[in-house]
Amino acid sequence: MTVKLGGLELRNPVLTASGTFASGREFADFVELERLGAVVTKGVSLDPWDGNASPRVAETASGMLNSIGLQNPGVDAFCENDLAWLADVDVPVIVNVSGHSVAGYVGVIERLERETGVAGYEVNISCPNVDAGGMAFGTECSAAAEVTRACRVATTRLLVVKLTPNVTDIVQIARAVEAEGADALSLINTVLGMAVDVETFRPKLSRVVGGISGPAIKPIALRMVWQVSNAVSVPVIGMGGIMSADDAVEFMLVGATAVAVGTANFIDPTVTMRIVDGLAEFCHARGIERVSDLTGAMKA
Ligand SMILES: Cc1cc2nc3c(=O)[nH]c(=O)nc-3n(C[C@H](O)[C@H](O)[C@H](O)COP(=O)(O)O)c2cc1C
């Protein structure tokens, strides 16, 4: 069941998607964290961020909209509370990094370099819910390259860059990020969307627009993982609407080395365990020796 992401070997390909699993502690009653490939934490920034005003989630057909805005207590508090708690758990920790500026991203990594217990970073250049930073870095090749370059200098740990689907050509961005030394790419972050309350005539989110996640975006995510994994040689972590082991298999068949499970955690907090077991059963039932044999195995 093992897969390789850069220099890191994971016990299986099932990760948590940032922002849907906190730092794992809240799920510890439901999930054996040690049975995950890795825990990917909620986005962490240099200073505390308040996030956006409520309402900032809304249910849609086969998905949810969110405009949380990367609310978090800042990297120091993260180290004191979340990382300290995770230190006793035998699971690789990938910290999702947020920033309003290149220096902001680098500052988070530099602070975390002083800590043990961090296996790598997932640099979020794709959040649609903040005015400065976030997705602004992920929609232009030069900006995506600049952030990646600066983060690469700051660490030799696993460096994953998380891409946004809200672009015309995600392959160009993926190539720009790979060229600057990213070890792996995560995709996709949420798709820009909105919803309106017909009783009040108001938008359902206070920020009007937000990011849609869940099964509604799975076909988009699959298409992008397929395009990107065919264009780069670094591993791709696929996500977007994964609810079951079969969904995870689909992502691997189109080229993902690992998968991340997000919105599904809100529906069934044990879903990641079902997917770990289901992937093993899927392979066993078909005589597939290694789960990694699924990666890119889609037939033409
Ligand atoms: C409530 C919520 C919060 C999120 N917060 C983050 C975040 O802090 N950093 C990040 O890179 N992605 C964040 N995401 C995006 C998810 O990690 C994932 O890329 C996206 O939701 C698609 O996967 P899913 O359909 O399985 O949820 C968030 C998503 C949701 C629904």
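The model is predicted, so local features need pLDDT of at least 70 and side-chain atom pairs count only at pLDDT 80 or more, while totals for chains, interfaces and linings use all residues. Residues are numbered from 1 along each chain as its sequence is written, and side-chain values use heavy atoms, leaving out hydrogens and water.

**Helix 1 and helix 2**

- Helices (H or I, at least four residues) and strands (E, at least two) are DSSP runs, numbered from the N terminus.
- The axes of helix 1 (residues 75-86) and helix 2 (residues 102-113) come within 10 Å and cross at roughly 40°.
- Axes are lines fitted to C-alpha atoms, for helices over the stretch in contact, and angles run from 0 to 180 degrees between N-to-C directions.
- On the helix 1 side, Val75, Asp76, Phe78, Cys79 and Leu83 meet Val108, Arg111 and Leu112 of helix 2, contact being heavy atoms within 4.5 Å.

- An open sheet of 8 strands has the order 3-16-15-10-9-8-7-4, with parallel pairing; two strands pair if DSSP finds at least two bridges between them.
- Strand 3 (14-16) and strand 4 (39-40) are its edge strands, each pairing on one side only.
- Strand 10 (residues 184-187) and strand 15 (residues 236-239) run parallel and are joined by 3 bridges.
- Leu187 stands opposite Gly238 in strand 15.
- Helix 2 lies across strand 7 (93-97), strand 8 (120-124) and strand 9 (158-162), and runs at about 165° to strand 8.

- The order 5-6-14-11 describes an open sheet of 4 strands with antiparallel pairing.
- Its edges are strand 5 (57-60) and strand 11 (191-194), each of which pairs on one side only.
- Neighbouring strands of this sheet are turned by 40° against each other on average, direction ignored.
- Between strand 6 (residues 63-66) and strand 14 (residues 209-213) there are 3 bridges in the antiparallel sense, and Met64 stands opposite Ser213 in strand 14.

**Asp268**

- Asp268 sits in the loop between helix 8 (264-267) and helix 9 (271-286).
- With a relative accessible area of 18%, Asp268 is buried (under 20%; exposed is over 50%, partly exposed in between, with a 1.4 Å probe and protein chains only).
- The side chains of Asp268 and Thr270 make a polar contact at 2.7 Å.
- A polar contact is a pair of N or O atoms within 3.5 Å; within protein, one must be able to donate a hydrogen and the other to accept it, and residues adjacent in sequence count only if both atoms are side-chain atoms.
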